[in-house]
Amino acid sequence: MAKMTAAQAAVWVMEKEGVTQAFGIPGAAINPLYSALRKQGTISHILARHVEGASHMAEGYTRATAGNIGVCIGTSGPAGTDMITGLYSAQADSIPILCITGQAPRARLHKEDFQAVDIEAISKPVTKWAVTVREPALVPRVFQQAFHVMRSGRPGPVLIDLPFDVQMGEIEFDIDTYSPLPVYKPAATRAQIEKALTMLNDAEKPLIVAGGGIINADASDLLVQFAEITGIPVIPTLMGWGSIPDSHTLMAGMCGLQTSHRYGNATMLASDFVIGIGNRWANRHTGSVEVYTKGRKFVHVDIEPTQIGRVFSPDFGIVSDAKAALELFVQVATEWAEKGKLKDRGEWASACRYRKGTLLRKTNYDSVPMKPQRVYQCMTRAFGEDVCYISTIGLSQIAGAQFLHVYKPRHWINCGQAGPLGWTIPAALGVRAADPTRKIVALSGDYDFQFMIEELAVGAQFKLPYIHMVVNNSYLGLIRQAQRGFEMDYCVQLGFDNINTEQDEPVRTYGVDHLKVVEGLGCKAIRVHRQEELAPAIQQAEAWMKEFQVPVVIEVILERVTNIAMGTEIDNITEFEDLAASRADAPTAVAAMLD
C-alpha cells in the first residue's frame, strides 16, 4: 500500500467521494491539508473573506445541484466558531456540507493553546456528526464515514477537526481499492402507500404539502406525476417552492403566516385532508397547530422517524425518503387510475384554480420612492422563468415569496429555518461556483446585504458573476413591523446623514452608499429610483456581467416604511396594502400571465 500523510489521504477520499470544489481560508493549523490539496490539484479552492462566508458558500454549492456536497475549510479556533452559523443553517434545512477545521497538536489540547477550542463539543448540537480525529490512521475512515453520514437518512452537515500532528502523520492507505459506503435511506412499503391512498380517496378536498425533502431527494418530477395522476392540488412549503411550477394548474399556492399567497391560505383552510411529503410542519407555514389541523386529516411522509409526530400527531405516518415514497405513490396511483379506483377531483381542483386567479395582492403601484410590490412585478417581467432566486430573511424575502414566481426545483434557494442575515451573498457565490451557466438573481434588504458584503470581493477575484437586487429602505423592516405591536420604532433605523453623499442626492439620509462600497470591492453597481429605470438597469447589469465577469448590484431605493402582509394565524392575516381589484392591479400574478 502507498505511504502518505493523513492529510493526503483525506484529499484522496474527498476526490473519490466526488468533491471537486472547496471554500475556505488557510491558516497555520490547517496548512498540511492545504499542502495536500495543492499537491493533488483535483479540488478547486475559492478563498473566502470570512470563514462564515465559506460555510454559506458551501451551502449554496450543495443546494444548487442534486448530489453536490459543499466543503468549507478553516484553521483552528475562531475559524471553527465562525462556521457554526453555516452548520446551523445546513442542519436546520437538511443540507449536507463538510466542515474541516485545523486544530492544535494533540499534546496541546485542553492546555490553553493559542486558537485551540473544543470545536467538536461546540458544533455537536448543529451537526449530524462532529469529531476530533486523534489518530492519523483513522483519517481516511473518518472521512469515509462523514460522507456516509451526510448522505444517509435525513441529510445534514458534518464537522471533522484535525489536529496538526494528525494531519502530518504518515500512514499506509490503498486508495485504489477505496469505495464509498452504501447510502442508507428508509423506503415506504406498498401497504403503507395503499393505506395513504385509501385515506386520500375517502377525502373530498385533499391537498399535497410538498416540502424541501422532495427537492433534496431530486423527486420533483415524481411529485408532479403523482399530482397529475390523482388530480390533487399541491401546496409547496417555502423550502419546497419550485418542486411544482408556479404555472402548473395544480400548484395551489403557498400557505403560511408570511411567505404565503392569499389563495394558498384559503385553499388550505378549505381542505379536509393533507399528505405532507418531506416537510417539517414549520410554524411559519402552519401557525398554531389548532387552526392548521382543525377539520382535516393528515398523512406525514418523512425520512426522519423522529420528525413524524414532533409538531403534531398525524393520522398516519410513513418513514421514507421522499423519492422512494413518490415512486410508489406514482406506481400505485397509476394502477388505481387504470382500474377506475381514484375519485375524480376536477371540481375541487377547479375551485383551487379560481382562488388562484382572484385572491391576489396589488403590485401595480407607480409611487416614488418605489413600493417593493412594484419592484417584484418588474423583476418577474424582466427575469423570466429560468431565473434562480437566492435569498435569506427579512421583508425583502417575505415579499419576494409573495410576489415572485418559481418554475423549477433548486431555483428558489433559501435558508428557511435558520435565516442568518448575510447568507445571501456567499450562498449566491456558491451557487455560481456549482453552475457557471445559471441565471442567478440574489435578493436582499439593505441590512442582509451589509452583513457579509465583503464576500463580493470573492466574486470579483474568482469571476463569479450574478445579479444582486438590493431593496433599500434603510430600515430593519421586518423588525420595525414586528415592533408595531409594542407601539415603538426603536433601534431599527439604518439611515443617517452620509457626509460623503451630495447634499441634493435623494439617498443622502439613507446612510451607507452601497454603490461606492460595491465598486471598492471590485464589482459593478447601479442605483434605481423609478420603475421605468429597472428594466434598463437589468440590461446593463447583464452586459457588465458578460464583459467583466463580476457580481453586479442593482440597488432599488424603496419608500422607507412598507408593511408586508402577515399575521398570527393562516386565517388571520393582516393585509396592510391594497388588494387587487382586477388583473390590472396584479399583472404578473400567475393567473394573469397565463390568460
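Is Gln481 buried or exposed, and what is its relative accessibility? At 6% relative accessibility, Gln481 counts as buried, a label given under 20% relative accessible area, with exposed over 50% and partly exposed in between (1.4 Å probe, protein chains only).

These close-ups come from a predicted model, in which local features need pLDDT of at least 70 and side-chain atom pairs count only at pLDDT 80 or more, while totals for chains, interfaces and linings use all residues. Residues are numbered from 1 along each chain as its sequence is written, and side-chain values use heavy atoms, leaving out hydrogens and water.

**View 1. Gln481 and its contacts.** Gln481 is found in helix H22, residues 477-482. Helices (H or I, at least four residues) and strands (E, at least two) are DSSP runs, numbered from the N terminus. Leaving aside residues up to four places away in sequence, Gln481 touches Leu395, Thr562, Asn563, Ile564, Met566 and Phe576; contact means heavy atoms within 4.5 Å.

**View 2. An open sheet of 6 parallel strands.** Follow the order E15-E14-E16-E17-E19-E18 across this open sheet, where the pairing is parallel. Strands E15 (412-414) and E18 (524-528) stand at the edges with a single partner strand each, so one side of each is left without a neighbour in the sheet. On average, neighbouring strands are turned by 20 degrees against each other, direction ignored. Two strands pair if DSSP finds at least two bridges between them. Helix H17 (residues 372-383) lies across E14 (388-391), E16 (440-445), E17 and E19, running at about 165 degrees to E17. Such angles run from 0 to 180 degrees between N-to-C directions, with axes as lines fitted to C-alpha atoms, for helices over the stretch in contact.

**View 3. Strand E19 and its partners.** On one side, 6 bridges join E17 (residues 467-472) to E19 (residues 552-557), and Ile467 stands opposite Val552. E18 is joined to E19 by 5 bridges, with Val528 and Val556 as bridge partners. How many of the residues of E19 are buried? The count is 6 of its 6, so E19 is mostly covered. Val552, Ile554 and Val556 point one way, whereas Val553, Glu555 and Ile557 point the other way. In a regular strand, side chains alternate between the two faces of the sheet.

**View 4. Helices H12 and H16 side by side.** The axes of H12 (residues 262-270) and H16 (residues 346-358) come within 8 Å and cross at roughly 150 degrees. Arg262, Tyr263, Ala266, Thr267 and Ala270 in H12 meet Trp348, Cys352, Arg355, Lys356 and Thr358 in H16.

View 5. The structure holds 0 disulfides, a disulfide being a pair of cysteine sulfur atoms within 2.5 Å. The sulfur of Cys72 has its closest cysteine sulfur in Cys99, 4.1 Å away and too far for a bond. For Cys415, the nearest cysteine sulfur is that of Cys388, 14 Å away. Cys72 is buried at 0% relative accessibility, and Cys415 is buried too, with a relative accessible area of 1%.
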